[in-house]
Amino acid sequence: MRTLEQTTREVLDLAAKHFQLPTGSLAPEDDFFKKLGIDSLQTLEMLSRLENHFGIELPDYEVQGVSDFKTLAERIQSRL
Amino acid sequence: MKSFTGKTLRWEWHEGCIELTLDHAPANEIGTAMLAELEKFVAAFDSLASETTACIISSARKSVFSAGGDLRELYRQAASVPEKDRPKGIRSFLEHIHAVINAIDSAPFVTIAAVHGACLGGGLELALACDIIIADKMARFAFPELRLGFIPGFGGIPRLKRDLGNAVVRDLLFTGRTINATRAHTVGLVAQLAGEGEALAIARSTAAQAAKYDPVARAAAKEFMKPIPHEELRCEIEIFCELFTRPEVMAALKKFVEDSGPMPYLP
């Protein structure tokens, strides 16, 4: 079982890779909408990327209003 | 017409397979422009059917198969006419799009949707008309219409119910959530999963396989196993038009077209 810290790290690494940013350039508290400047289609892409990586389903409404990686990782952790 | 390039889509016939490519910025929204070109597309079936074994529908847009009906156009058009005249315009649009999707549904060759990215609302309804859906593992599917106060209007509920049953329809409809390709494959919506960027290649190899079978038997099998739910489709149009007259719908459409948030498909 992953710890929340591990999950958060994997989320950050996945986001950095997906949006072609240097590893370590994202922090748990970052607002990903502001930091990545992503639109609705890219949000769905990221959701797919996370679900495929963690092997979970993360309903959109559970992450609605979530904008930082730390909270996102917590939502993922609750589904693992 | 063996090839066509329009403003929203293009198609090309090659060795028995028609490839229809949706290419309408930003997200292949299905409005009056795409509807007119889809009507040209299905009109070409008469001349192409006898020498066609398969048809593949895919998207040239990044990250999206189709975001569905053009809600911005729908709002503009509805807002430009008196309230009492709104159902007339939307009914006419629905009648035309139903005719197109019914023609794709009943085409006498194998139809394949090669889906990548977002496949939402009317986009999913277009894919559902196809015999086989092949999805990139990054594809996502949803019926987000209830957030606007109406139901899917391009035949989505009757077709999803026909193919998968009511439980899946209810989950998608009552949550508005998007489901990923793996989930869609598990419930039977997606026939084959493809790696990232591989849906079209797999659709082509599937089309080549389908081409090996006897066309008369194939057409008979399709007619037998894929009846068009005409009565429910008529009901759908009636329910849609009835719901559409409510002020809540215009308010929701206005909110949607003005929303620049990351999840505009959720209320």
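**Exercise 1.** How many residue pairs are in polar contact between chain A and chain B?

*Solution.* The model is predicted: local features need pLDDT of at least 70, side-chain atom pairs count only at pLDDT 80 or more, and totals for chains, interfaces and linings use all residues. Residues are numbered from 1 along each chain as its sequence is written, chains are lettered from A and ligands numbered from 1 in the order in which they are written, and side-chain values use heavy atoms, leaving out hydrogens and water.

Step 1. A polar contact is a pair of N or O atoms within 3.5 Å; within protein, one must be able to donate a hydrogen and the other to accept it, and residues adjacent in sequence count only if both atoms are side-chain atoms.

Step 2. Between chain A and chain B, ten residue pairs are in polar contact, both residues being at pLDDT 80 or more.

Step 3. On the side of chain A that touches chain B, helix 3 of chain A gives the largest share, ten residues (helices are DSSP runs of H or I, at least four residues, and strands of E, at least two, numbered from the N terminus).

**Exercise 2.** Identify the strands that pair with strand 10 of chain B.

*Solution.* Step 1. Pairing requires that DSSP find at least two bridges between two strands.

Step 1. Strand 8 (residues 110–115) of chain B runs parallel to strand 10 of chain B, joined by four bridges; here Val115(B) stands opposite Ala135(B).

Step 2. Three bridges join strand 10 of chain B to strand 13 (residues 192–194) of chain B, also parallel, and Ala135(B) stands opposite Leu193(B).
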